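Dear colleague,

My notes on what was found in it follow.

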Protein chains: 2
Amino acid sequence: MTDSLPEFLAHSLALEHEAAERYRELADIMENNLNPEVGAVFRDMARFSGRHHHEIKARVGAMVLPELKSWQYRWATPPEATDSLDIDFFMQPYNALRIARDNELRGYKYYRQIAREAADPEIKRLAEEFAQEERGHIAALDKWLAQAHRPSETWEKDPEPVEVTD
Amino acid sequence: MTDSLPEFLAHSLALEHEAAERYRELADIMENNLNPEVGAVFRDMARFSGRHHHEIKARVGAMVLPELKSWQYRWATPPEATDSLDIDFFMQPYNALRIARDNELRGYKYYRQIAREAADPEIKRLAEEFAQEERGHIAALDKWLAQAHRPSETWEKDPEPVEVTD
């Protein structure tokens, strides 16, 4: 469990850094696929994550942070994405938005669980603040998803996004 | 598609580097969970991947390689792993071996597809050689999996591993 402030901050830093990197990749893919509009959405998201990473870093200051395992912060990719040799070609805006949304939801759930379970009020407060930030990202992605064409022909299944609940 | 030697080598290098890093993490987790035997299996696998990475690097020499997207080489993790806040605690030998096997199988399929589709005979030859190497890793993991307790209580589903086919 994330039971110390350094551990919580290490997770948060890693999650934001990972998000910024993945959003930049998604933006590249969308721009290569001639979809500058969705590309611009991801550039914005990358900027938000980068800014948040910067703010958390300021909060960390001289604190020494623990080292994390990759599974604790890396984005999950659907098998459709990882099985494909030509991910750029197959990834349509809907798929890219869904990968982003699924991972923002994971981030949201992570922060919410910390906010509920942490004993330290400072961790509780920060986790709640970060959870609400993720919730905002999910809402933004949902707006774009509602307009995106669902490419069920190339990507085997695209079930409805899961509702955000506590 | 991987249609040039530099592209193929970039993929191979990235896959082996990723495998070595993930195997080291799995070894750490198993050792923390008081399972030095399975830990040692993963240390061996990390060494094999590291050695292979080194050999490919020698083949690359002064060649300039393209930059890859993370989705093209990163290991996939099951949702059970990525949703858990305390991955070290929940990951039992069976789960760790399955994560490894699923990703070795992805690697195998990738190399087999290249071996089938590449026009360049040098790419074809290397891809076939790398595919057989992955197949050997899968066989080794299967031996350990056959002895591992299936922890269906903590990890929701653990369906049978998929047979290796062409």
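I begin with helix α1 (residues 5-32) of chain B, whose 28 residues should span 40 Å at 1.5 Å a residue, and whose end C-alpha atoms lie 41 Å apart, which agrees with that expectation. Please bear in mind throughout that this is a predicted model.

What comes after this helix deserves a look at the backbone: α1(B) is followed by B:L34, which has a positive phi, near 60°. The residue is not a glycine, although its phi is about 60°, and most residues other than glycine have a negative phi. B:L34 lies in the loop between α1 and α2 (36-60) of chain B, and it is exposed, because 7 other C-beta atoms lie within 10 Å, where a count of 12 or fewer is enough for that class. In chain A, A:L34 also has a positive phi near 60° and is likewise a residue other than glycine. A:L34 sits in the loop between α1 and α2 (36-60) of chain A, and with 7 C-beta neighbours inside 10 Å it counts as exposed.

Returning to helix α1 of chain B, one of its residues is B:H11. Is B:H11 buried or exposed? With 24 other C-beta atoms within 10 Å, B:H11 is buried, since the class asks for 20 or more.

For chain A as a whole, the model has 6 helices and 0 strands, so that the elements read α-α-α-α-α-α from the N terminus on. Of the 166 residues of chain A, 37% count as buried. Among the contacts in chain A between residues at least 6 apart in sequence, 74% join residues that are at least 24 apart.

How do the helices of chain A pack against one another? Helix α1 (residues 5-32) of chain A meets helix α5 (residues 93-117) of chain A at an angle of about 170°, with the two axes 11 Å apart. That angle makes α1(A) roughly antiparallel to α5(A), given that angles over 145 degrees are counted in that way. On the side of α1(A) the contact is made by A:F8, A:L15, A:L26, A:I29 and A:M30, and on the side of α5(A) by A:P93, A:A96, A:A100, A:G107 and A:I114. Sorted by class, the residues of this contact are 9 nonpolar and 1 polar, with no charged residue.

The pairing of α5(A) with helix α6 (residues 121-147) of chain A has an angle of about 160°, and here the axes are 8 Å apart. This makes α5(A) roughly antiparallel to α6(A), and the crossing of the two helices is left-handed. The contact of α5(A) with α6(A) has 16 nonpolar, 2 polar and 7 charged residues.

In chain B, the axes of helix α5 (residues 93-117) and helix α6 (residues 121-147) come within 8 Å and cross at roughly 160°. That makes α5(B) roughly antiparallel to α6(B), and the crossing of α5(B) and α6(B) is left-handed. The residues of this contact divide into 16 nonpolar, 2 polar and 7 charged.

Lastly, some detail on α6(A), which has 27 residues and reaches 40 Å from its first C-alpha to its last, close to the 39 Å expected at 1.5 Å a residue. Which residues of α6(A) are buried? They are A:I123, A:L126, A:A127, A:F130, A:A131, A:E134, A:H137 and A:L141, and these buried residues pack against α1, α2 and α5 of chain A. A:A139, by contrast, is placed in helix α6 of chain A but counts as exposed, with 11 C-beta neighbours inside 10 Å. A:A139 and A:R101 are 38 residues apart in sequence, while their C-alpha atoms are 9.0 Å apart in space.

Conventions: Residues are numbered from 1 along each chain as its sequence is written. Chains are lettered from A and ligands numbered from 1 in the order in which they are written. This is a predicted model: local features need pLDDT of at least 70, side-chain atom pairs count only at pLDDT 80 or more; totals for chains, interfaces and linings use all residues. Helices (H or I, at least four residues) and strands (E, at least two) are DSSP runs, numbered from the N terminus. The expected span of a helix is 1.5 Å times one less than its number of residues. Axes are lines fitted to C-alpha atoms, for helices over the stretch in contact, and angles run from 0 to 180 degrees between N-to-C directions. Angles under 35 degrees count as roughly parallel, over 145 as roughly antiparallel, 65 to 115 as roughly perpendicular and the rest as oblique. Two residues are in contact if their C-beta atoms, placed from the backbone, lie within 7 Å. Ala, Val, Leu, Ile, Met, Phe, Trp, Tyr, Cys and Pro count as nonpolar, Asp, Glu, Lys and Arg as charged, and the others, Gly among them, as polar. A crossing is left-handed if the near helix is turned anticlockwise from the far one by less than a right angle, and right-handed if clockwise.
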